[in-house]
Amino acid sequence: MVSKAEYDVHAELNVSVEMRDGTKLATDVYRPADPETGEPISDPKPALLDRTPYNKRGRMERHGEWFAERGYVVAIQDCRGRFESEGDYYIFANEAEDGHDTVEWLGQREYCDGQVGTIGTSYGAWVQSALATQDPDHLEAMFVNQGAANGREATFRHNGAFELRWLCWALTLGGGFAQRALDDSDVQQRLANVDVREVLADGPVHRGQSPLRHVPNYEEWAFDIMESGNAEDDLWQSPGVNFERFREESADVPTVYAGAWYDSYTKATCDNFEALADRKESDHFLLMGPWTHGWNAYPLPSWNKSYSGELEFGEAALRDYQRVRLRFFDHYLKGEGTWDDQPTVQYFRMGTGDGRQARDGRLFHGGEWAEGDDWPLPGTEFTKFFAHGDGSLARERPEAADSATTYEFDPDDPVPTLGGNCSSYISYEPREESILEYPLGERKLLDMTGRGGFDQRTREDTYFADPPYRPLEERDDVLVFRTPPLEEEVEIAGPIRVRVFASTDARDTDFTAKLVDEYPPSDQFPNGFALNLSDSICRARYRGYRDHPDFVEPGEVYEFYMEPYPTANVFGEGHRIRLDISSSNFPRYDVNHNTGGPLYGDREYEVATNTVFHDREHSTHVELPIRPRE
C-alpha cells in the first residue's frame, strides 16, 4: 500500500544553496511535520528534488506539500538565473553541475536519510538527465517525464531543421520571465506585446533586431541554437544538452522514462529507455500514454486528459500522475512492494475505438493499455510499405525501372502544421491593459499548431493557412501514398523509419514525412478523417544525421532518412495506411529557403523543384513496426 497523507507540512522557503562557482540558487524545502505541533519530525526521510525554470511556487508548491504529507522531504529549486535564483541564464548550460551540487547538498541534510530521488516534466526532465551525467553519490531513483536525449538530433533541432517552438518559448515563457523582465515592468510589457505569430510570419528574425534584444542573454542562446548545426559545436556536446554522449558514465539508478505518443519528446523518451535499460543494472521502465505534452495540475487525479487534439480515447487513458510516482518512490526509496507488479514496458495502444463522434465533436479513436518486456517489443516485424507511381502504398517493392513524382516547393507558401508532437508553439493573447493591470503570468496563451491528433485539413483557425480551406492532400506540394482499404486490422507499436529517395534542383532543401491513419467516410464524419500519427523532417545538408553540412548536387538522387516519432496504433479494418511526403511543416519546423545559405537567417529564398522516386532502384518507403495479431 502506498504512503498515506499522515503528516503536516513544514516549509522553509528560499533556502540559499551554493553551487561550486559560488552562485546561490533559491530552494524551497518541504518537510513532514508533526500533525499536532506543526514542527518538522526528527526522523530522516528520503528526499525528492524538482528543479524548474517556471517558478517553484504555485502548482510546484502543491506538489511539494503533497509528497511531504506522505513522508518525503521535497526540495523545489528555481534554476540558475530564473525567478529567485542568482546567476545568468543560458538554456541548459549549467544544469548538469547545478543539479549534481543540489543533489549532494540535499542528501547531506540531517533531515534526509541520504537518498535523493528526482522528479520533473519537460524542462524538469531535461535537468534530471543532465545531473545524472554527473553520477551524484546520493542519487537513488529518477522519474523522468517527457524529456530529451540528444538536443541536436531531435529536440532543439530535428535531423538538421530547427524546431521553432524554442523561439516561441524564448519569446514567451522564457524571456517573459527572465530576471530582467521580472525586475523591469517596461521590458515585460514589451515582451507581452509581442505577437509570436507575426514574428514567425515575418521571419527569419536577426540578432539585435528581434524582440529578444530586451533580454540579451536569451537572444544569445536562442540564436546559437538556430544558427548552429555542426555536431562538434560545444553547445551540442555539453552534458546539459546531449545525454546520449554521456550514457556510459551516467548514474545507474532505478528510472522511469515516461512520455506520450503526441508529446514533443516521444522519440527521446523511447531512445533513453532503449539505450539505458541495456547498459545499466538498475531497473528501468518505459511508460507511454496517448497524451500530449505536460500533465494536469494538482489536485486533478489524472495524467493529462482523455483526449489529444481532435481524438477521444475514453476514461481508460487516464492515469493518476501523482500516485504512479508515489508507488515508484515508495518501492525504491522506502522499500515497499508498491512497484512489484509494474511491467517493464507499459504503453497505450491507440485505435481500438469505433470512430464515432464523441464529446466536443472529437473522433472516438479509443485504445487500451498493453505491456511488454522490452522496447522495441519482442516479436515486432519491421515491415516496409513502398510508394508506387499510382499513389499506392504496398508491401511489394515497385517493379518500374523509372518512376518519379515532381512538385515545386515554395518556401513562401509552406505546408501548415496541424497538430502532432507539438509543444510551446504559443503566443500571449494580445491585451490592451498594461502589464500592471494584467500581469504576464495571468495572460492567456494562444496555441498556434494544436497538439495531438487532428484531421489533416485546414480550417479558419489554422495558422498560416489561406482560404479556400481544404485537406492538405489536395496541395500540389504534398505527395500522398495510401494502401487499399485494409481487409483486416493492422497493429503497430515501436519506432518508425522512412527513406525518401529524391533529387532537387537546389543546393539544399527539406523533405518531410507524415504517417496517417485514414478513416473511411461515415455518417458522422462524411469526409472521413485523416489522422496524423507521427512525422519527421530531413534537411538535405545534414541528411543521414551528418555531423557537418554536405550540400547536394542538383539533379543527383539521394536517400533522405527520417525517423517519425514512435507510436502505437491499430489501423482498423477498412482504414488505409497513408504516407504523406512534402518539404515543409510550418511552424513545427523552420522553412528551408532552398538557397544553401545560412542555416538560419537567410533573407533570400528560391522555389525548389523536388522529385521523389518510387522505382525499383530508388524505392521510397516507410518501415512500420507490425505487431503479430493476437
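**Close-up views of a predicted model**

At 1% relative accessibility, Trp-169 counts as buried (under 20% relative accessible area; over 50% is exposed, in between partly exposed; 1.4 Å probe, protein chains only). The model is predicted: local features need pLDDT of at least 70, side-chain atom pairs count only at pLDDT 80 or more, and totals for chains, interfaces and linings use all residues. Residues are numbered from 1 along each chain as its sequence is written, and side-chain values use heavy atoms, with hydrogens and water left out.

**View A. Tyr-54 and Trp-169 form an aromatic pair.** The structure holds 44 aromatic pairs (Phe, Tyr or six-membered Trp ring centres within 6.5 Å; planes under 30 degrees apart are stacked, over 60 edge-to-face, the rest tilted). In this one, the centres are 6.2 Å apart and the planes at 80 degrees, so the pair is edge-to-face. Tyr-54 lies in the loop between strand 3 (45-52) and helix 1 (59-68), and Trp-169 in helix 5 (residues 165-174), so the pair ties together parts 115 residues apart in sequence. Helices (H or I, at least four residues) and strands (E, at least two) are DSSP runs, numbered from the N terminus. Tyr-54 is partly exposed, at 31% relative accessibility.

**View B. Phe-92 and Phe-156 make a tilted pair.** Their centres are 5.9 Å apart, with 45 degrees between the planes. Phe-92 is buried at 1% relative accessibility. Phe-156 is buried too, at 0%.

**View C. Strand 24 (residues 510-519) is mostly covered.** Ten of its ten residues are buried. Asp-510, Thr-512, Lys-514, Val-516 and Glu-518 point one way. Phe-511, Ala-513, Leu-515, Asp-517 and Tyr-519 point the other way. Strands pair if DSSP finds at least two bridges between them. Ten bridges join strand 24 to antiparallel strand 25 (residues 529-539), where Asn-532 is the bridge partner of Val-516. Seven join strand 24 to strand 28 (residues 576-582), also antiparallel. There, Ala-513 has Ile-581 as its bridge partner.

**View D. Ser-238 lies in the loop between helix 10 (234-237) and strand 9 (255-262).** A polar atom of its side chain lies 3.4 Å from the backbone oxygen of Leu-235. Leaving aside neighbours within four places in sequence, Ser-238 contacts (heavy atoms within 4.5 Å) Arg-245 and Phe-246.

**View E. Two arginines sit over aromatic rings (CZ of Arg or NZ of Lys within 6 Å of the ring centre and within 35 degrees of the ring normal).** The charged end of Arg-507 is 4.2 Å from the ring centre of Phe-551. Arg-588 lies over the face of Tyr-565, at 5.7 Å from the ring centre.

Notes. A polar contact is a pair of N or O atoms within 3.5 Å; within protein, one must be able to donate a hydrogen and the other to accept it, and residues adjacent in sequence count only if both atoms are side-chain atoms.
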